[in-house]
2 protein chains.
Amino acid sequence: MAVRTIDWEDDRILLLDQTLLPTEEKYLRIDSIDVLAEAIQSLRVRGAPAIGVAAALGAALAGVLSRAGSREAFDLDVRNAMDVLRATRPTAVNLFWALNRMKTILLTNPLDSVPDLRKKLIAEALTILDEDRRICRRIGRNGANLLQDPISVLTHCNAGALATADYGTALAVVYTAHEQGKQVKVFADETRPLLQGARLTAWELQKSKIDVTVICDNMAASVMKSGLVDCVIVGADRIAANGDVANKIGTYGLALLARAHEIPFYVAAPLSTIDMSILHGDQIPIEIRAAQEITHGFGKQTVPEGVAVYNPAFDVTPHTLVSAIITEAGVIRAPFQEGFHHVLPSS
Amino acid sequence: MAVRTIDWEDDRILLLDQTLLPTEEKYLRIDSIDVLAEAIQSLRVRGAPAIGVAAALGAALAGVLSRAGSREAFDLDVRNAMDVLRATRPTAVNLFWALNRMKTILLTNPLDSVPDLRKKLIAEALTILDEDRRICRRIGRNGANLLQDPISVLTHCNAGALATADYGTALAVVYTAHEQGKQVKVFADETRPLLQGARLTAWELQKSKIDVTVICDNMAASVMKSGLVDCVIVGADRIAANGDVANKIGTYGLALLARAHEIPFYVAAPLSTIDMSILHGDQIPIEIRAAQEITHGFGKQTVPEGVAVYNPAFDVTPHTLVSAIITEAGVIRAPFQEGFHHVLPSS
């Protein structure tokens, strides 16, 4: 299934407010950079590819909103907006990758008029959006070839339609296998603290009539031991040059559990998630989020007042635990660094 | 810290309603078997040792409440009550162990009058309550000897004062080490779906001024990888003759993660938790609880309507992953079956 997660309409950004799912489907029409930044920080839009698209559309929106008469003033407006967006979340590299592409438009067209550049910014953002759609489809096809029939997949967080402009990365593989007529069953970790698995993955799989069962994160080992899981597929927020994978907190533990049960552990991600400037996963900045997400997660206080809480949003899975990385350019196996060099355009 | 988790007062059962913690401390005065059964099923009182004590006091309460004129009618009243209590929860063996002790009072005193037997039932239940207190202290002392200074312990669910009549099993070890002057830090898994770690373990450790940090279950691997955990200590609901341990869902995964990080994994439990009639953990009945606990955990819907949910309350950790079992009779290491034979009175 493709959801209209994020789009561009009448010179504004349209996005589905994911904090309200699964009980309410409400679209936001974003007409300011501050509102967009808040939406990214509050996870109204989330998922590495979708964050990249949102940032690109944000730079285009900054161009639309700018009242500058000169190129100098216009560029400053757009750059200021990009600085605001760059500071929203630290881990997903797609954010920086998309903003760099938008910045390149400014840098490579110094003689354009303001109206011309405005159009080029919009065009580039829409190209990024469109590319993301096509990338999802290719990831889906490449990954589906790895899946036997029938197949039971365990996934974590949401790397689906709601994390991209089309039908996901990890879930693209599931959707494609389903379209190919394979019998696919999915176990979705609910994914504390913000429950993207329970709220989002279950929602979109149910819409696509794919068999999905929600479990608490701490049930994955038990389900694996019972022989109910054939493979694990997750997305990624940033992949280091050596193949270490930063993804939603809990991914690393899952990878260890998969290894202990001899279950393949796949990562599905676009090439834009690979950060060749970072050699090891330890160098990836990990976002620490508010204690409130854990202490008052369900609208009710669940931790006593004053008790310390630790809330890292991501962890790093060493490449040695990754069976393969599924990209739009093919399935890459160890040694990853070598594989990345073959498919990345300019590294 | 010792909390008054469950007690006997004026011929009635007094218990702290744990479903209201950490925001409300309310005691229930239980004056019927049905109300007690509901309290056990709804986890108002929980934790294997506390469930055993509750069941014993329940049998005594049945004796108090009986209006029977003959021993035959009195015994029937008490046995009916025990049948109701026996059916409340299937996994914790302490429930059945305690009820068997109460039944033995009926069987070994056939000539007693109703008033005499009523007194003996109360006395036996209070003996079980008192034994549990002394057992907690001994488990604490035996376990604390295993802990270096300073020490960082990761625990799951609640195996503390709130799970026993005194100051716990796993947490007894923590409390004793703290009393010995050791510098103790605890990571408490919040323990979905019912958050006994966040709500109960954090609450009682905070009351005792022990350094506690709550994490989501899926963060344990990351915390271990960071070198922040020296050992894992958990409780148990039933231990098979070979040392396999049934405990709160998520324990098995934790044991695998501890093994992967070369961290000792300890189980703290009274001898009454060992079930020599069961050879392997696979034979332990695992309670499957309502989907609602996951889908509507805290008054808010977090899973779309109609999506399947799997909610096992326990899992089984193979004895090969257990570094040692800490009991009131000493610390038992592999081969466990041999160790159990040395300390169990009649097996």
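User: Let's start with Tyr167(B): is this residue buried or exposed?

Analyst: The general idea is to compare the relative accessible area with a cut-off: under 20% means buried. In this predicted model, Tyr167(B) has 2% relative accessibility, so it counts as buried. Tyr175(B) is also at 2%, and is therefore buried.

User: How many aromatic pairs are there over all chains, and why is the pair of Tyr167(B) and Tyr175(B) called stacked?

Analyst: Searching the whole structure gives 4 aromatic pairs over all chains. To class a pair, look at the angle between the ring planes: under 30 degrees counts as stacked. For Tyr167(B) and Tyr175(B), the planes are at 15° and the ring centres 5.4 Å apart, so this pair is stacked.

User: Which charged end sits over the ring of Tyr167(B)?

Analyst: Here the idea is to look for the end of a Lys or Arg lying over a ring. Over Tyr167(B) you will find the charged end of Arg137(B), 3.8 Å from the ring centre. Elsewhere in chain B, Lys248(B) places its charged end over the ring of Phe314(B), at 4.9 Å from the centre.

User: Now the two chains, please. What rotation superposes chain A on chain B?

Analyst: In general, two copies of a chain are related by a rotation about an axis and a shift along it. In this case the rotation is 180° and the shift along the axis 0.0 Å, with an RMSD of 0.1 Å. The copies are thus related as by a two-fold rotation axis. Within chain A, Phe298(A) has the C-alpha nearest that axis, 2.2 Å away.

User: What percentage of the contact residues of chain A recur in chain B?

Analyst: The figure is 100%: both copies use the same surface.

How values were computed:
Residues are numbered from 1 along each chain as its sequence is written. Chains are lettered from A and ligands numbered from 1 in the order in which they are written. This is a predicted model: local features need pLDDT of at least 70, side-chain atom pairs count only at pLDDT 80 or more; totals for chains, interfaces and linings use all residues. Side-chain values use heavy atoms; hydrogens and water are left out. Copies are superposed by least squares on the C-alpha atoms of residues with pLDDT of at least 70 in both. Contact means heavy atoms within 4.5 Å. Rings of Phe, Tyr and Trp (its six-membered ring) pair if their centres lie within 6.5 Å; planes under 30 degrees apart count as stacked, over 60 as edge-to-face and the rest as tilted. Buried means under 20% relative accessible area, exposed over 50%, partly exposed in between (1.4 Å probe, protein chains only). A charge sits over a ring if NZ of Lys or CZ of Arg is within 6 Å of the ring centre and within 35 degrees of the ring normal.
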